[in-house]
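Please consult the sequence and the structure shown here while reading.

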Amino acid sequence: MFSLFNKIPSISTKELKDKLSEKIVLLDVRTQAEFKGGHIHQAISKPLDKMNTYNGKEKDVYVICQSGMRSKKAAKTLKNKGYNVVNVRGGMSQWRGSVLRGK
C-alpha cells in the first residue's frame, strides 16, 4: 500500500554498535564543532546544512546526530535523493561506545 508518510527505518545506538562490525556508511550530521567534540570512529562528518550536497556511492546510509532530530531531517533529504537510509534513534546522547575527539 502506498503511503504519503514514507517512514524512515531507525535503529537504536545498541543496534548501531553491532552494525559497526560491518562496513557501513555512517554520516554524523552534527556541526563540525560537535563532531570534533567526540564522534564514532567510522562516522563521516556531513553537517545537516550540507546534506543536499551529499553524493556517496553506497546507497545504504546510516545517519546520526546528537538526539535523533537532525538525523531524521537528514534521512528524509537522503531518501528523496534515492538513498536507503536508517536513522539512529537517540543519537550521540544515547551512544555508549568509544568516541574519537578532534578532526
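## Terms and basis

In this report, a residue is buried if its relative accessible area is under 20%, exposed if that area is over 50%, and partly exposed in between (1.4 Å probe, protein chains only). Helices (H or I, at least four residues) and strands (E, at least two) are DSSP runs, numbered from the N terminus.

The model is predicted: local features need pLDDT of at least 70, side-chain atom pairs count only at pLDDT 80 or more, and totals for chains, interfaces and linings use all residues. Residues are numbered from 1 along each chain as its sequence is written, and side-chain values use heavy atoms, with hydrogens and water left out.

## The sheet

The strands form an open sheet of 5 strands in the order E1-E5-E4-E2-E3, with parallel pairing; two strands pair if DSSP finds at least two bridges between them. Strand E1 (10-11) and E3 stand at the edges with a single partner strand each, so one side of each has no neighbour in the sheet.

Strand E4 (residues 60-64) is largely enclosed by the rest of the structure, because 4 of its 5 residues are buried. Strand E2 (residues 25-28) pairs with E4 in the parallel sense over 4 bridges. Within this pairing, Leu26 has Tyr62 of E4 as its bridge partner, and Asp28 has Ile64 of E4. E4 is also joined to E5 by 4 bridges, and these two strands run parallel. Here Val61 has Val85 of E5 as its bridge partner. From E4 the chain passes through helix H3 (residues 69-80) to E5 in a right-handed β-α-β crossover. Right-handed means that, with the strands pointing away from the viewer, the path from the first strand over the helix to the second runs clockwise.

## Strand E2 and its surroundings

On E2, Val25 and Leu27 point one way, Leu26 and Asp28 point the other way, and all are buried. E2 and E3 run parallel and are joined by 2 bridges. Leu27 has Ile44 of E3 as its bridge partner. The chain goes from E2 through H2 to E3, and this β-α-β crossover is right-handed as well.

Which residues surround Asp28, leaving out those up to four places away in sequence? Asp28 touches Phe35, His39, Ala43, Ile44, Ser45, Lys46, Pro47 and Ile64, where contact means heavy atoms within 4.5 Å. Asp28 belongs to strand E2 and has a relative accessible area of 0%, so it counts as buried. His39, one of the residues that Asp28 touches, lies in the loop between helix H2 (32-37) and strand E3 (44-45). His39 is likewise buried, with a relative accessible area of 4%. Its side chain reaches the backbone oxygen of Phe35 at 2.9 Å. A polar contact is a pair of N or O atoms within 3.5 Å; within protein, one must be able to donate a hydrogen and the other to accept it, and residues adjacent in sequence count only if both atoms are side-chain atoms.

## Helix H3

The end C-alpha atoms of H3 are 17 Å apart, which agrees with the 16 Å that its 12 residues should span at 1.5 Å a residue. The expected span is 1.5 Å times one less than the number of residues.

Ser71, Ala74, Ala75 and Leu78 are the buried residues of H3. Seen down the helix axis, they fall within an arc of 105°, so they line one face of H3; the arc is that of the directions from the helix axis to the C-beta atoms. These buried residues pack against E2, E4 and E5. The face of H3 turned away from the buried side carries the exposed residues Met69, Lys73 and Asn80. After H3 comes Gly82, whose phi is positive, near 100°.

## Glycines in the loops

Gly68 lies in the loop between E4 and H3 and counts as buried, because its relative accessibility is 6%. Gly90 lies in the loop between strand E5 (84-88) and helix H4 (91-94). Although Gly90 and Gly68 are 22 residues apart in sequence, their C-alpha atoms are 5.0 Å apart. Gly68 and Gly82, by contrast, are 14 residues apart in sequence and 21 Å apart in space, C-alpha to C-alpha.

Beyond its neighbours within four places in sequence, Gly68 is in contact with Asn87, Val88, Gly90 and Gly91. Not counting residues up to four places away, Gly90 touches Gln66, Ser67 and Gly68.
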